[in-house]
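Here are my notes on the model, as numbered points. Please read them with the structure open.

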Amino acid sequence: MKARDDACASTVEQARPTLAAVARRAGVSAATASRVLNGSAPVSGDTSSRVHQAVRELGYVRQRAPGGARGSGAVSVVVFDDMRHYQADSFYARVLLGAEREAVRAGQELVVLTALRRSPRDSLLRFLCGGHVDGVVLVGLRDDDTPAHLVRASGVPVACVGRPPNARDLAYVDADNEGGALRAVRHLADAGRRAIATIAGPRDMIVAGDRLSGYRRAVAERDRPELVGRADFTASSGEHAMLRLLDRCPGLDAVFAASDLMALGALRALRGRGIRVPDDVAVLGFDDAALARRTTPSLSTVRQPVEDMGARAVAGLFQPDGPPARVIMPTTLVLRESG
């Protein structure tokens with residue numbers, strides 16, 4: 001299987017050399033090759049020479065120059081997640097609503113693409129870098145932001161919704177995830193809750209790490225123990241994580257779930273155990289999705305301005321050339337019946 005994949009990669013390189021091929025030939029990462037060709041950060045002379053030599057040997061040609069003319073009349077939003085999450089999590093639909101609003105205002109069509117997290121990227125990158133779109137918004141990047149660097153190196157404006165792993169030379173729009181979690185858990189502690197657990201998201205997602213950091217800061221400030229469960233931002237995983245936390249910590253009296261979907265799962269688990277919310281256990285979520293107003297009891301949560309994040313990301317694609325914009329949007333604690 002590996003031999004076949006290598007052969008396919010070789011065929012792609014011969015047909016149209018890519019920045020990834022240049023990076024492999026030079027023995028550097030794609031992000032480093034991008035920085036050399038963009039001049040966006042200092043790189044050693046030896047590294048720069050190897051990259052430029054690889055460019056000459058492969059005949060690599062950047063298909064668009066940074067700040068060059070735009071004319072396709074379309075921008076693309078690429079969601080990196082599997083279809084199950086894409087359909088179940090309203091976060092993506094809300095991002096797209098905001099992105100569409102701004103694209104229409106700018107006279108652009110919106111092209112929506114989904115990409116499995118572990119799928120090959122060659123065909124996707126050929127489309128994004130091939131003159132078909134005037135800008136690209138990437139949503140849901142995890143621990144690999146190579147696609148963002150490759151698109152940017154091709155001269156296509158790119159922005160991320162959510163802080164990417166290597167944010168130094170990438171534009172992004174994010175919510176104040178750490179601050180929102182901090183306020184939520186402080187509220188629980190100040191309400192007299194003594195054993196406050198959290199249902200955190202996956203380890204390879206920066207947003208999950210930021211919300212976990214906010215939780216940890218709050219329990220440390222209020223001298224509460226850390227009680228951490230893990231899930232994957234789905235309702236079923238939140239339910240399972242809540243059951244595990246109850247088994248480990250039968251005295252817990254509050255839980256901060258790092259998404260509303262996981263909080264929904266937590267409510268199901270508590271109801272199944274006959275535990276009253278908020279009398280016995282308070283529950284707070286994060287997102288303020290529409291479902292937060294429809295749960296029983298209605299869900300207290302942290303509101304993030306998702307639609308505005310999508311709109312700001314698209315708007316940033318058409319700003320004059322300059323340093324990449326990094327926008328952190330404020331969050332708001334919304335108190336309802338659950339805590």
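1. Which residues of α9 meet which residues of α10? From α9 come Asn 177, Glu 178, Ala 181, Leu 182, Val 185 and Arg 186. They meet Val 207, Asp 210, Arg 211, Ser 213, Gly 214, Tyr 215, Arg 217, Ala 218, Val 219 and Glu 221 in α10. Contact means heavy atoms within 4.5 Å. By class, this contact has seven nonpolar, three polar and six charged residues. Ala, Val, Leu, Ile, Met, Phe, Trp, Tyr, Cys and Pro count as nonpolar, Asp, Glu, Lys and Arg as charged, and the others, Gly among them, as polar.

2. A word on the basis. This is a predicted model, in which local features need pLDDT of at least 70 and side-chain atom pairs count only at pLDDT 80 or more, while totals for chains, interfaces and linings use all residues. Residues are numbered from 1 along each chain as its sequence is written, and side-chain values use heavy atoms, with hydrogens and water left out.

3. Now the geometry of that pair. Helix α9 spans residues 177–190 and helix α10 spans residues 206–221. Their axes come within 7 Å and cross at roughly 35°. Axes are lines fitted to C-alpha atoms, for helices over the stretch in contact, and angles run from 0 to 180 degrees between N-to-C directions. The crossing of α9 past α10 is right-handed; that is, the near helix is turned clockwise from the far one by less than a right angle. Helices (H or I, at least four residues) and strands (E, at least two) are DSSP runs, numbered from the N terminus.

4. Look at Arg 186, which lies in helix α9. Leaving out residues up to four places away in sequence, Arg 186 touches Ala 218, Glu 221 and Arg 222. Arg 186 also joins Asp 190, Glu 221 and Arg 222 in a network of salt bridges. A salt bridge is a side-chain nitrogen of Lys or Arg within 4 Å of a carboxyl oxygen of Asp or Glu. Arg 186 is partly exposed, at 27% relative accessibility. So is Arg 222, at 26%, and Glu 221, at 37%. Buried means under 20% relative accessible area, exposed over 50%, partly exposed in between (1.4 Å probe, protein chains only).

5. The whole structure holds 17 salt bridges. Arg 273 pairs with Asp 247, with the closest N and O atoms 3.1 Å apart. This pair links distant parts of the chain, 26 residues apart: Arg 273 sits in the loop between α12 and β9, Asp 247 in helix α11. Asp 247 is exposed, at 55%. Asp 288 and Arg 293 form another salt bridge, at 3.5 Å. Asp 288 is buried, at 6%, whereas Arg 293 is partly exposed, at 48%.

6. Next, α6 (residues 90–105) and α13 (residues 306–316). They pack at an angle of about 45°, with axes 7 Å apart. That makes α6 oblique to α13. Angles under 35 degrees count as roughly parallel, over 145 as roughly antiparallel, 65 to 115 as roughly perpendicular and the rest as oblique. The crossing of α6 past α13 is right-handed. Their contact has nine nonpolar, two polar and five charged residues.

7. Where is α13 covered? Its buried residues are Val 306, Met 309, Gly 310, Ala 311, Ala 313, Val 314 and Ala 315. Their cover includes α6, β3, β4, β5 and β11.
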